[in-house]
Amino acid sequence: QVQLVESGGGVVQPGGSLRLSCAASGGASPIKSMGWYRQAPGKQRELVSSINNVGSTNYADSVKGRFTISRDNAENTVYLQMISLKPEDTAVYYCKLEKIESRGVIRTYWGQGTQVTVSS
């Protein structure tokens, strides 16, 4: 059974930094990609950043230059380093995992979410 354990959220002042971690465990099928989404109150969940199995990355325009995604393949862990945080970054951040199951079917898993609050 696949499990995702997120950590690193918290409260930070504008301009501050946080580092989110998401560790995946369970299941033998290969990982296609890992990434981070966020959902602010009253808004839809949106992509923040993702990284695929060959290391290609993707970022939302709103976080380019401030957030950096990285991945430890040996530990099946993805990180999101966030700097120059803004109040509008406040949201619940969710880890997303895509695995390639039998017959090439892509299956998606979500973490439980971690709260990031940027406030003075």
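Residues 24 or more positions apart account for 54% of the contacts with a separation of 6 or more in the chain, a contact being heavy atoms within 4.5 Å. This is a predicted model, in which local features need pLDDT of at least 70 and side-chain atom pairs count only at pLDDT 80 or more, while totals for chains, interfaces and linings use all residues. Residues are numbered from 1 along each chain as its sequence is written, and side-chain values use heavy atoms, with hydrogens and water left out.

The chain has zero helices and eleven strands; helices (H or I, at least four residues) and strands (E, at least two) are DSSP runs, numbered from the N terminus. Buried residues, under 20% relative accessible area with a 1.4 Å probe and protein chains only, make up 42% of the 120 residues.

An open sheet of four strands runs β1-β3-β8-β7 with antiparallel pairing, where a pair needs at least two DSSP bridges. The edge strands, each pairing on one side only, are listed below.

| Edge strand | Residues |
|---|---|
| β1 | 3-7 |
| β7 | 67-72 |

Inside this sheet, β3 (residues 18-25) and β8 (residues 77-82) pair in the antiparallel sense over six bridges. C22 has V78 in β8 as its bridge partner.

The largest nonpolar core has 29 residues, and W36, L80, M82 and Y93 have the most contacts inside it. Such a core is a set of buried Ala, Val, Leu, Ile, Met, Phe, Trp, Tyr and Cys residues joined through side-chain atoms within 4.5 Å. Strands supplying at least two residues each include β4 (31-39), β5 (46-52) and β9 (91-100). Beyond four places in sequence, M82 touches residues including L18, L20, F67, Y93 and V116.

Terms used:
Buried means under 20% relative accessible area, exposed over 50%, partly exposed in between (1.4 Å probe, protein chains only).
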